[in-house]
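Please look over the sequence and the model below before reading on.

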Amino acid sequence: MKKQKALLFWSSGKDSAMSLYREQQKDEIEIVALVTGIHEQNQQATMHQTPLSLLQVQAQECGLPLWTISVPWPCPNIVYEQRLQIIIQKAHRENITAICFGDLFLEEIRSYRENIFRDSQLQLRFPLWCSASETYQLGEEMIACGIRATFVSIGDPIFRQNWLGKEWHEWFGSSNNFEIDPCGENGEFHTFCHHAPIFRNPISFSHDRKPDPPL
């Protein structure tokens, strides 16, 4: 059976890593490239502020090319959507028929994606889609399969002071009562994935950024 060729939107965090891992377990689909939005001014990922150089290392360890969408900051939706068309056109030229996202349960985000890709002729896939009550189990699955990620952005000042630059799986394992979503789906925190079954080798990096302001 010929596999469906797909792109995967890549944030650099644990959810993207888990999305790629899940999709690579399926016989019907082949992820052929990662897609990341990059700020023009600082050459960092739009959401997680990961430097482009580290994104390139992640893609290399995945054995996949990295496609970037260069955007200004701030970036109005209309500008983002216009530049996204470049990726859609490239996908068509390379016979890519699907695109994957690491969203978990936010309906408004999924609806936005479905709306902007409505006329793209690309199938949208959400390999991690679940209910808000299921993210703890998803987190357990991530850790069990070997995903390790570092907190690189945290909204809550107290939480940030204690955990910024430390390991998500250590916090996950030490928390008995989650007052925030354990996967940070509401934007409570962002991570950088440095170890995962999708990587050929673990990624070494130093976390020397100052604490981010509240999100």
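How do the residues of the lining of the largest pocket divide into nonpolar, polar and charged? They divide into 19 nonpolar, 19 polar and seven charged, where Ala, Val, Leu, Ile, Met, Phe, Trp, Tyr, Cys and Pro count as nonpolar, Asp, Glu, Lys and Arg as charged, and the others, Gly among them, as polar. The model is predicted, so that local features need pLDDT of at least 70 and side-chain atom pairs count only at pLDDT 80 or more, whereas totals for chains, interfaces and linings use all residues. Residues are numbered from 1 along each chain as its sequence is written, and side-chain values use heavy atoms, with hydrogens and water left out.

The volume of the largest pocket is about 1,400 Å³. Of the 45 residues that line this pocket, Thr46, Met47, His48, Arg113 and His190 are the closest to its centre. Two or more lining residues come from each of α1 (14–24), β2 (29–39), β3 (66–71), α3 (77–93), α4 (107–116) and β7 (189–195), and β2 gives the most, with four residues. A pocket here is an open set of points on a 1 Å grid over the protein atoms alone, where a 1.4 Å probe fits, with protein on both sides within 12 Å along at least five of seven lines, and lining residues have an atom within 4 Å of a point. Grid points are joined across faces, edges and corners, and the volume is the space filled by probe spheres set on the points. Helices (H or I, at least four residues) and strands (E, at least two) are DSSP runs, numbered from the N terminus.

Strand β7 also pairs with β6 (residues 148–154), to which it runs antiparallel through six bridges; two strands pair if DSSP finds at least two bridges between them. Thr150 has Phe192 in β7 as its bridge partner, and Ile154 stands opposite Phe189 in β7. In β7, six of the seven residues are buried, and in β6 six of seven are buried too, where buried means under 20% relative accessible area, exposed over 50%, and partly exposed in between (1.4 Å probe, protein chains only).

In helix α2 (residues 52–62), the buried residues are Leu52, Leu54, Leu55, Gln58, Ala59, Glu61 and Cys62. Their cover includes α1, β2, β3 and β7, judged by contact, which means heavy atoms within 4.5 Å. Just after α2, Gly63 takes a positive phi of about 75°.

Some backbone details remain. Most residues other than glycine have a negative phi, and most peptide bonds are trans. A cis peptide bond, with omega about -5°, joins Trp73 and Pro74, and Pro74 is placed in the loop between β3 and α3. Gln43, in the loop between β2 and α2, has a positive phi near 55° and is partly exposed, with a relative accessible area of 37%. Gln121, in the loop between α4 and β5 (123–125), has a positive phi near 65° and counts as exposed at 70% relative accessibility.
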